[in-house]
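Please consult the sequence and the coordinates alongside the text.

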Amino acid sequence: MSGLSSDQNRTPIYDMLRRYVEEHTVRFHMPGHKGRLCGDDAAGLTQDMWQMDITELPDTDNLHMPQGPIVEAQRLMAEAYGADQSFLMVNGSTGGLYAMMLAACKPGDSIVVARNCHKSVINGLILAGLSPIYIWPLVLQDWHIAGQIRLEQVREALEQHPEAAAVLITSPDYYGLCADVAGIADACHQRGVPLLVDEAHGAHFVFHEGLPPSAGYCGADIWVNSMHKTLPALTQTAVLHVKSCLVNMDRIRDGLQMVQTTSPSYILMASMDIARRYMTNEGWNDLDDLLGHILDLSQWVYGIGGVKMMDESIKGRCGVAFKDPTRLCFDVSGLGIGAIRAEELLRAEGVQVEMADLYNVLLITTAMDDAEDFVALKEAFGQLAASGRNAKAVCYPLFMTLPRPVQSLLPREAALSATERIPLKNTAGRIAAQPIGLYPPGVPLVCPGEIIDENTVEVFLEMSALGCRVFNIGEDKMIAVVREKSYE
């Protein structure tokens, strides 16, 4: 084709991926397969990927009207997770969250929502046209992160809002902190209200008794697991589970059809099949080995000055009922270099972590990690500790203590209103048109329809200056707000 630049010879995404693979980085981040195979089936899938990338044919079944192998795969998944029915997802837990909200509620309904939710929950409120009743977790001051939603808060919310159609909580959160799902489920069911659980980060719970109990076994009506986060499945894979007499299964199916592509990847679905079989057959042993490596690491870390590893002692505080031992959180502020800089230094030593906030680096471990990975991690942490030795501990603003924003419009009203982009520094008193927060973990500090507080503006500006990634704030420091008087 004439007129095209020589840049057309480039493949930037593929080239980036090749570079990352060739660096042989130790991966303490998702996806859970860690770039490794979990059996001969996975090897065959990889070798024949182009040939296996097919569409809906008479013999291949249809995700939206399954009658053959997909039905059987979903039956096996439901058996593994203790669900009445399970539905394969090819657009991550996000699609599952949308579907569960569409199924459990009608437009205009009120829903109790834990405010430590992912931004996809807020987007689900917009899509479903729901009115949120937010409940806020307490802050774990010594870790500079939010705790979990407490049972008493849910009971109080349902008492004050008997019209609520459902309750939606996140357990575990990004840091591996779990709520009292069993108690919350019981409180919901006493009022005939379904409990929806974003259990994206807990797909591995059912495969070892040393892990927190799964939401399904605790009484959740609908819950969603991201297979790719903690299991050896490809990115975008997730499963929506239902075990309830309070939810209409037809509405679940209808919701899934609305939010999922009509051309689902059979490669993604096959990877879930393989991951489920691996975990039900070999997963317990490999998770047991993993827990042994983590115990050894925790004992070793105590000898490093300036580094603190989150452990079981956090249970019972600020709504935390369980702690996922496979989610490793290290407070490195005592090293005097800050967690964002620590992430960079660990990467230079060949170890890539999942994320860093201002104080903590977070690592995702799975059954696919081995002893050599932990040897590399110790070596990298040793170098990290040496680089920060005798430095003064860092102290950053505790953004979780920001004033709770006032809701002026419903999320859907704000998101669909006429908007304008203005400098962040000028947004105090304006109504947010998009969720705004740090990514990761993706928890909004301001939601659509809420008035942006002056203190919040200052914190967002400071966070950006410190190197944090603030979603929905562009490089030009402009954000979308509701155009004044458009909502009057």
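## Salt bridges

A salt bridge is counted here when a side-chain nitrogen of Lys or Arg lies within 4 Å of a carboxyl oxygen of Asp or Glu. The model is a predicted one, and a search of the whole structure finds 19 salt bridges.

One of these is formed by arginine 483 and glutamate 420, whose closest N and O atoms are 4.0 Å apart. This pair links distant parts of the chain, with arginine 483 in the segment after β22 (478-482) and glutamate 420 in strand β18 (residues 419-423), 63 residues apart. Arginine 483 is partly exposed, at a relative accessible area of 39%, and glutamate 420 is likewise classed as partly exposed, at 23%.

A salt bridge with an N to O distance of 3.6 Å joins the side chains of glutamate 484 and arginine 430. Because glutamate 484 lies in the segment after β22 and arginine 430 in the loop between β18 and β19 (436-438), the pair ties together parts that are 54 residues apart in sequence. Glutamate 484 counts as exposed at 52% relative accessibility, whereas arginine 430, with a relative accessible area of 12%, is buried. Through salt bridges that share partners, Glu420, Arg430, Arg483 and Glu484 are joined into one network.

Aspartate 142 and arginine 317 form a salt bridge in which the closest N and O atoms are 2.9 Å apart. The aspartate lies in the loop between β5 (139-140) and β6 (145-146) and the arginine in the loop between β12 and β13 (322-323), so the pair ties together parts that are 175 residues apart in sequence. Aspartate 142 is partly exposed, with a relative accessible area of 32%, and arginine 317 is partly exposed, with a value of 31%.

## An open antiparallel sheet

Four strands form an open sheet in the order β12-β14-β17-β16, with antiparallel pairing. Since β12 (308-309) and β16 (355-356) stand at the edges with a single partner strand each, one side of each is left without a neighbour in the sheet. The antiparallel pairing of β16 with strand β17 (residues 360-364) extends over two bridges, and alanine 356 stands opposite valine 361 in β17.

## Surroundings of threonine 230

Threonine 230, which lies in helix α9 (residues 227-230), counts as buried because its relative accessibility is 3%. Its side chain is joined to that of histidine 204 by a polar contact of 3.1 Å. Leaving aside neighbours within four places in sequence, threonine 230 is in contact with Gly32, His201, Ala203, His204, Arg327 and Thr366.

How values were computed
Residues are numbered from 1 along each chain as its sequence is written. This is a predicted model: local features need pLDDT of at least 70, side-chain atom pairs count only at pLDDT 80 or more; totals for chains, interfaces and linings use all residues. Side-chain values use heavy atoms; hydrogens and water are left out. Buried means under 20% relative accessible area, exposed over 50%, partly exposed in between (1.4 Å probe, protein chains only). A polar contact is a pair of N or O atoms within 3.5 Å; within protein, one must be able to donate a hydrogen and the other to accept it, and residues adjacent in sequence count only if both atoms are side-chain atoms. Contact means heavy atoms within 4.5 Å. Two strands pair if DSSP finds at least two bridges between them.
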